[in-house]
Amino acid sequence: MSCILHIETATEVCSVAVSQDGATIFHEEDFDGPSHATRLGTMVDEALSFTDNHAIPFDAVAVSTGPGSYTGLRIGVSMAKGVCYGRNLKLIALPTLEVLCVPILLGKELPDDALLCPMIDARRMEVYAAVYTRALKTVMETSAVVVDSESFREYLDAHPVYFFGNGAEKCKDVIQHPNAHFFDGIRPLAKNMCPLAEKAHAREEFADVAYFEPFYLKDFVATKSRKLEGLMHNA
């Protein structure tokens, strides 16, 4: 039994949702962004007012943790932390690429051996991507990938692979393998965080509110810095 506030700001879409016992009871999305700095506070206030008016106490806040927009993630995580501190709530951190998989798993017919490859757009032909099974078991860890005709071939040669997310659109003309399939219009939304957040809550998988940082800030930036330092050292 739980009530969770969900915040998703990793891409240009800003969204907030509330779930109770696994069912979404409130959600709001803004697709006209990025407008996170001006819209997120209002949307969270509306979600909090909704639950307060219905006398529903929150148990946790779930936030999408990237990879994604530096500014969007920073705004979303800051808001999530603020609500956690203000209401003494637990924080649940959910990878954005896993959140992207939820509408595919719930709404699409897929072969048993299908692999899922959510993609977040970076720059030029670079994307942040991961590869999962239908059970969301990680086959390829989240990575920054420069996409070319050979990208993901080791998976495509053995499985049908489904690409989606705002990074997949620019890959359609590049990845021409017969096992490559593309879904359009899949965006990370707060209302799709519910199944993952409920599972994490049941397992008591909580993040440290004081020290938590988005995946993009903590890991990708650090990894790229180490690579740059290595190149400079070897030069």
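## Start with the rings

Select Phe 152, Phe 163 and Phe 182: together they make up one aromatic cluster. Rings of Phe, Tyr and Trp (its six-membered ring) count as a pair if their centres lie within 6.5 Å; planes under 30 degrees apart are called stacked, over 60 edge-to-face and the rest tilted. Before going further, note that this is a predicted model, in which local features need pLDDT of at least 70 and side-chain atom pairs count only at pLDDT 80 or more, while totals for chains, interfaces and linings use all residues. Residues are numbered from 1 along each chain as its sequence is written, and side-chain values use heavy atoms, leaving out hydrogens and water.

The structure holds four aromatic pairs. For a tilted one, pick Phe 26 and Phe 50, whose rings sit 5.5 Å centre to centre with 35 degrees between the planes. Phe 26 is in strand E3 and Phe 50 in helix H1, so this pair links distant parts of the chain, 24 residues apart. Helices (H or I, at least four residues) and strands (E, at least two) are DSSP runs, numbered from the N terminus. Phe 26 is buried at 15% relative accessible area, whereas Phe 50 is partly exposed at 23%. The cut-offs: buried is under 20% relative accessible area, exposed is over 50%, and partly exposed is in between, with a 1.4 Å probe and protein chains only.

Phe 163 belongs to strand E9 (residues 161-164) and Phe 182 to strand E10 (residues 180-182), so the pair ties together parts that are 19 residues apart in sequence. Phe 163 is buried, with 0% relative accessible area; Phe 182, at 22%, is partly exposed.

## Into the cores

Where do nonpolar side chains tend to go in soluble globular proteins? They tend to be buried together. Here, the largest nonpolar core has 29 residues, and Leu 94 and Phe 164 have the most contacts inside it. (A nonpolar core is a set of buried Ala, Val, Leu, Ile, Met, Phe, Trp, Tyr and Cys residues joined through side-chain atoms within 4.5 Å.) Colour strand E4 (60-64), strand E5 (90-94), H3, E6, E7, E9 and helix H5 (194-202): each supplies at least two residues of this core. H3 gives the largest share, six residues.

Centre on Leu 94 next. Not counting residues up to four places away in sequence, Leu 94 touches Ala 62, Val 63, Ser 64, Thr 65, Val 99, Met 193, Leu 196 and Ala 197, where contact means heavy atoms within 4.5 Å. There is also a second, separate core of 24 residues, which includes Phe 26, Leu 40, Val 61 and Val 77.

## Charged pairs

A search of the whole structure turns up eleven salt bridges, each a side-chain nitrogen of Lys or Arg within 4 Å of a carboxyl oxygen of Asp or Glu. Select Arg 39 and Glu 28, whose side chains meet in one of them at 3.0 Å, N to O. Arg 39 lies in helix H1 (residues 36-53) and Glu 28 in strand E3 (residues 23-30), so the pair ties together parts eleven residues apart in sequence. Arg 39 is partly exposed, at 23% relative accessible area.

Move on to Asp 112 and Arg 134, whose side chains form a salt bridge at 3.0 Å, N to O. Asp 112 is in the loop between helix H3 (96-107) and strand E6 (115-121), and Arg 134 in the loop between strand E7 (126-132) and strand E8 (138-146), so this pair ties together parts 22 residues apart in sequence. Asp 112 is exposed at 73%, while Arg 134 is partly exposed at 36%.

## Last stop: the cysteines

Cys 14 is buried at 1% relative accessible area, and Cys 101 is buried at 0%.
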